Amino acid sequence: MGTQTTPKESKHDALNDELAQGVPSDTLVGLQVLKSQFPKLDKVEVVPLMLRSQLYSIVRDRTEVDRQLDQLRCRRVVRFFQLPTAADDCAVVFTQDYDAQVDSLKARATKQGAPSSHVAVFDWFRNKLLPACPEVSITQGELEGHMALAEQRRFDQPPVDAHVPWDKQVSLLVRAGLLARQISSGTTGAGESFWFSIPNVGFISKCLMKGRAELQNLLTRRRYQEILEKELEKRKMTASALGIRFHVRDLVGSLKIERVSTTCGNVLRLCTN
């Protein structure tokens, strides 16, 4: 048999190919900047994630950001994730980074002596399910269908073990933080759905909500509800580990605060509408 490109290699090449095409889009450049400045976290291991709102604060044309993001998603350069903080909170992660996170979870399971049938679920999730499902969520019926198809094809090393019930496989992925059950009244059994998820995203979500509240409260207490950005950057967050810059970009992009250029420097002002 000839040498075949593995899924990991192809996804890594997706980003390299995007960069090799010439001048990268403003959105891709913005994503790379945001990733390079993603805060280093001591308490948890989280794949670098960028918020759509943060991109809006860097690239002014929101319509163009949305269009270019969708192109990158279709070419499997990035994946989208719905955050539990708000309906319009969208996280963007480079596909190769998310794949590496899945590989890390697989390696950890192997080191801890997990059965090979359990370890194989991570391979199936990474190599088969993710490429086939670019959306942010998946229904129980769709999940069962992909598992059944994997079993029918019987690869050289089957990605899903026939002796592990499908619900046990799903539970493995939920416990690993790769899937999250959608909480919705009246949707159980065949109607249940799952979000594709980022391991330890709960920590990020908690920091995101508390950090937003901290900065908005700070501005609310000021006489003119504004502050010089360079003055704010000297402060330290007390409720979030994500840092001032992370939250400022989020709040500017989500139109909660505005950045106004003055002779003294940029001023951040609370939006009243």
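A: The chain averages a pLDDT of 87, and 82% of its residues score at least 70. pLDDT is the predictor's confidence in each residue, on a scale from 0 to 100. Residues 1-12 stay under 50. For that stretch the model has 15 contacts beyond four places in sequence. A contact here means heavy atoms within 4.5 Å. Where pLDDT is low, predicted coordinates should not be read in detail.

This is a predicted model, in which local features need pLDDT of at least 70 and side-chain atom pairs count only at pLDDT 80 or more, while totals for chains, interfaces and linings use all residues. Residues are numbered from 1 along each chain as its sequence is written, and side-chain values use heavy atoms, with hydrogens and water left out.

Now the part itself. Three strands form an open sheet in the order β7-β9-β8, with antiparallel pairing. β7 (226-228) and β8 (257-262) are the edge strands, and each pairs on one side only. From one strand to the next, the twist averages 25°. Strands (E, at least two residues) and helices (H or I, at least four) are DSSP runs, numbered from the N terminus. Two strands pair if DSSP finds at least two bridges between them.

Take the β8 side. Six bridges join β8 to β9, and the two strands run antiparallel. They form a hairpin, with two residues between them. Glu258 has Arg269 in β9 as its bridge partner.

Next, the β7 side. β7 pairs with β9 (residues 265-270) in the antiparallel sense, over three bridges. Ile227 is bridged to Leu268 in β9. Glu226 has Arg269 in β9 as its bridge partner.

Then come the helices. α9 (residues 201-221) packs on the sheet and touches β7, β8 and β9. The direction of α9 makes about 95° with that of β9. α11 (residues 244-253) also packs on the sheet, touching β8 and β9. The direction of α11 makes about 100° with that of β8. These angles run from 0 to 180 degrees between N-to-C directions; the axes are lines fitted to C-alpha atoms, for helices over the stretch in contact.

Finish on one residue, Ser240. Ser240 lies in the loop between α10 (229-232) and α11. Ser240 is buried, with a relative accessible area of 9%. Buried means under 20% relative accessible area, exposed over 50%, and partly exposed in between, with a 1.4 Å probe and protein chains only.

What does Ser240 touch? Not counting residues up to four places away in sequence, Ser240 touches Cys207, Gly211, Glu214 and His247. The side chains of Ser240 and His247 are joined by a polar contact of 2.7 Å. A polar atom of the Ser240 side chain also lies 3.4 Å from the backbone oxygen of Cys207. A polar contact is a pair of N or O atoms within 3.5 Å; within protein, one must be able to donate a hydrogen and the other to accept it, and residues adjacent in sequence count only if both atoms are side-chain atoms.
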